[in-house]
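Me: I would like to go through a protein model with you. Could you show it to me before I begin with my questions?

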Amino acid sequence: EKHGGLTAAAMVESALQEIAYFNEVNFGAIKISVKASNVPLMVEAYRMLADTVNYPLHLGVTEAGPPPAGLVKATAGIATLLMEGIGDTIRYSLTADPVEEARAGRQLLEALGLRERKNVDLIACPSCGRAEIDVIDVANRAMKAFEDKKLPLQIAVMGCVVNGPGEAREADLGIAAGNKRGHLFVKGRNVAVVPEDEMVDALVEWAEFIHEHGTDAAIARADTARAEREAARDRSQALDEKGDDANNASAKIVEIRKTVGND
Ligand code: SF4
């Protein structure tokens, strides 16, 4: 009532009252949580609390709901605070298998660089008119294949050999599709070519090799000259077939200009 409803100030005042009870009995081994299911509210409450007390804070968006919306809500709140240096422990409260909650928490900490990476960081292009495979399908199959493997590597699944290896040159390992084949690359260097239906298996085999021996050894064992030649061939075939405007961008620009009345 005093605060006119559930506000960040009311939540912090309530937390301070609870802290006072512990102070009365000289018990200081406590951790404070002011979770809420409303993301802006919980972010504001934790910020106020962090400005007020020095106790460790336990972060969470309570009753976030089922994924994917629940995952987005929880990540929005928890990640915002962690990036500001607020928070000591976290909890994803999803309407899902608790294993999913723990996995999401671990992935968030790895993504923010707050935990040493133990699992694959799978990146994939969004796909476009140049894509020569179903990127979503291959990325999902790769995700499944790496799910239980403890490989702290960044691995890329890219839809075309025209731009894929360049766009993902920082990845430890990647694969890009072209002419019904998968072009494997390590740190942007082409290392091998495999049939399209062996792309995921090849990724797993190379990832395990890199994990054990490193990227330099992976490049050293490859016939890079041949792999680069094959990639160049498929790249130029793709450019011949689709031209350099595979996404039909020029026509779209004309349409947009017409729509906004600039033409
Ligand atoms: S250009 Fe190639 S790598 Fe980039 S988004 Fe399109 S398909 Fe993916």
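Predicted model: local features only at pLDDT ≥ 70, side-chain atom pairs only at ≥ 80, totals over all residues.

Me: In what order do the five strands of the open sheet lie?

Reply: The order is S3-S4-S5-S6-S7, with mixed pairing. Strands here are DSSP runs (E, at least two residues), helices are runs of H or I with at least four, and both are numbered from the N terminus. Two strands pair if DSSP finds at least two bridges between them.

Me: Which strands are at the edges?
Reply: Strand S3 (121–124) and strand S7 (189–195) are the edge strands, and each pairs on one side only.

Me: How do S5 and S6 pair? What about S6 and S7?
Reply: Strand S5 (residues 173–178) and strand S6 (residues 181–186) are antiparallel and share five bridges. Among the partners, glycine 178 is bridged to arginine 181, and alanine 176 to histidine 183. S6 and S7 also run antiparallel, joined by six bridges, and glycine 182 stands opposite valine 194 in S7.

Me: What sits in the turns of the hairpins?
Reply: The hairpin of S5 and S6 has two residues between the strands, and asparagine 179 in that turn has a positive phi of about 55 degrees. The hairpin of S6 and S7 has two residues between its strands as well, and there lysine 187 has a positive phi of about 50 degrees.

Me: Is S6 enclosed or open, and why?
Reply: S6 is largely enclosed by the rest of the structure, because six of its six residues are buried. Buried means under 20% relative accessible area, exposed means over 50%, and partly exposed lies in between (1.4 Å probe, protein chains only).

Me: Which residues are on each side of S6?
Reply: Arg181, His183 and Phe185 are on one side, and Gly182, Leu184 and Val186 are on the other. In a regular strand the side chains alternate between the two faces of the sheet.

Me: What does asparagine 190 touch?
Reply: Asparagine 190 is found in strand S7 and is buried, with a relative accessible area of 6%. Leaving out residues up to four places away in sequence, asparagine 190 touches several residues, including His183, Phe185, Thr224 and Arg235. Contact means heavy atoms within 4.5 Å.

Me: Changing topic, how many salt bridges are there?
Reply: The count comes to 16 salt bridges, where a salt bridge is a side-chain nitrogen of Lys or Arg within 4 Å of a carboxyl oxygen of Asp or Glu.

Me: Which one links distant parts of the chain?
Reply: One of them joins the side chains of lysine 149 and glutamate 208 (3.3 Å, N to O). This pair links distant parts of the chain, with lysine 149 in the loop between helix H5 (135–146) and S4, and glutamate 208 in helix H7, 59 residues apart.

Me: What about arginine 233 and glutamate 230?
Reply: Their side chains meet in a salt bridge (3.9 Å, N to O). Arginine 233 and glutamate 230 both lie in helix H9, three residues apart, about one turn of the helix. Arginine 233 counts as partly exposed at 48% relative accessibility, whereas glutamate 230 is buried at 13%. Salt bridges that share partners join Arg181, Glu230, Arg233 and Asp234 into one network.

Note on methods: Residues numbered from 1 in each chain as written. Heavy atoms only, no water.
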